[in-house]
Amino acid sequence: MYFSQLILDPRKAVIDGFYDAHQALWGLFSDSPERKRDFLYREMDPVTFLTVSARPPEDATGAWRVRSKPYAPRLSKGDRLYVSLRVNAVVKRKGADGRQDRFDVVQDARMRLLAAKEPVPPRAELAQSEGLKWLEKHQESWGLVFDPKGVNVTSYVQHRLWRYGSKAKVSALDMAGFARVTAPEAVLRALTLGVGPAKGFGCGLMLARRA
């Protein structure tokens, strides 16, 4: 695996929005029409991206400054990490048409409170509480135990886009906090294969450093 920092030269190319960024990153890893995604990315600012990938990115445009290095974290049980992640945090629930669908945890909580005619907290407050619940539900599968008092949800964003001729929404929560390693192999899978149901559009990449 490879960890890369990619910096776009705005004099040579411009990324205009969420979907544009997704397409631009695909261009660095797509070497054939049949290629399936084997990378994760996180947008750090409008011109800087981090990726974890099975192959190093290749820039044929000259618009990117690429710094790549092998990525093979060595972890032990009990290690303390500072972890940040951008995830599409959803719950599965039957929709109005009876079919099971995915609902982002913040919007799902808002709808439940509205239906019960209960006070609805601000979205930032719901993002913190619902994001932490989602994290605690999934942390075991990632080989981690988070300190619930040390987790902050710093951002909740809903992206809207046209896909396959219809409107779609992708919600992303940014979360960060301290965690202990309970299963090193599971952590390694989460770091290299991603977390959450959506691994595209900048979601799913977990970053960690020793703390």
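User: Which element gives the most to the lining of the largest pocket?

Analyst: Start with the ground rules. This is a predicted model, where local features need pLDDT of at least 70, side-chain atom pairs count only at pLDDT 80 or more, and totals for chains, interfaces and linings use all residues. Residues are numbered from 1 along each chain as its sequence is written, and side-chain values use heavy atoms, with hydrogens and water left out.

Now the pocket. Rolling a probe the size of a water molecule over the atoms shows where empty space is left. On a 1 Å grid over the protein atoms alone, a pocket is an open set of points where a 1.4 Å probe fits, with protein on both sides within 12 Å along at least five of seven lines. Lining residues have an atom within 4 Å of a point. Strand β7 gives the most to this lining, with four residues.

User: What volume does the largest pocket have, and which residues lie nearest its centre?

Analyst: A volume is the space filled by probe spheres set on the grid points, which are joined across faces, edges and corners. Here it is about 450 Å³. The lining holds 16 residues, and Val 90, Asp 101, Arg 102, Phe 103 and Lys 169 lie nearest the centre. β7 (100-104), α2 and β10 (166-181) each give two or more residues to the lining.

User: How do the residues of that lining divide into nonpolar, polar and charged?

Analyst: Ala, Val, Leu, Ile, Met, Phe, Trp, Tyr, Cys and Pro count as nonpolar; Asp, Glu, Lys and Arg as charged; the others, Gly among them, as polar. This lining has five nonpolar, five polar and six charged residues.

User: Which residues of helix α2 are buried?

Analyst: Two terms first. Helices (H or I, at least four residues) and strands (E, at least two) are DSSP runs, numbered from the N terminus. Buried means under 20% relative accessible area, exposed over 50%, and partly exposed in between (1.4 Å probe, protein chains only). In α2 (residues 105-115), the buried residues are Val 105, Val 106, Gln 107, Asp 108, Ala 109, Arg 110 and Leu 113.

User: What is found at the start of α2, and what just after it?

Analyst: At the start, a side-chain oxygen of Asp 104 comes within 2.9 Å of the backbone nitrogen of Val 106. Just after the helix, Lys 117 has a positive phi of about 55°. Lys 117 is a residue other than glycine. It sits in the loop between α2 and α3 and is exposed, at 77% relative accessibility.

User: How many salt bridges are there?

Analyst: A salt bridge is a side-chain nitrogen of Lys or Arg within 4 Å of a carboxyl oxygen of Asp or Glu. The count comes to eight. One of them joins Arg 11 and Asp 9 at 2.9 Å, N to O. Arg 11 is exposed at 75%, whereas Asp 9 is buried at 15%.

User: Where do Arg 210 and Asp 79 lie in the chain?

Analyst: These two form a salt bridge, with closest N and O atoms 2.7 Å apart. Arg 210 is in strand β11 (residues 206-210), and Asp 79 is in the loop between β4 (64-70) and β5 (80-87). The pair links distant parts of the chain, 131 residues apart. Asp 79 is buried, at 16% relative accessibility.

User: Why are Glu 130 and Lys 133 separated by about one helical turn?

Analyst: Because they are three residues apart in helix α3 (residues 123-138). Salt bridges that share partners join Arg 93, Asp 108, Arg 112, Glu 130 and Lys 133 into one network. Between Glu 130 and Lys 133, the closest N and O atoms are 3.2 Å apart.

Definitions and conventions
Polar contact = N/O pair within 3.5 Å; in protein donor to acceptor, adjacent residues only side chain to side chain.
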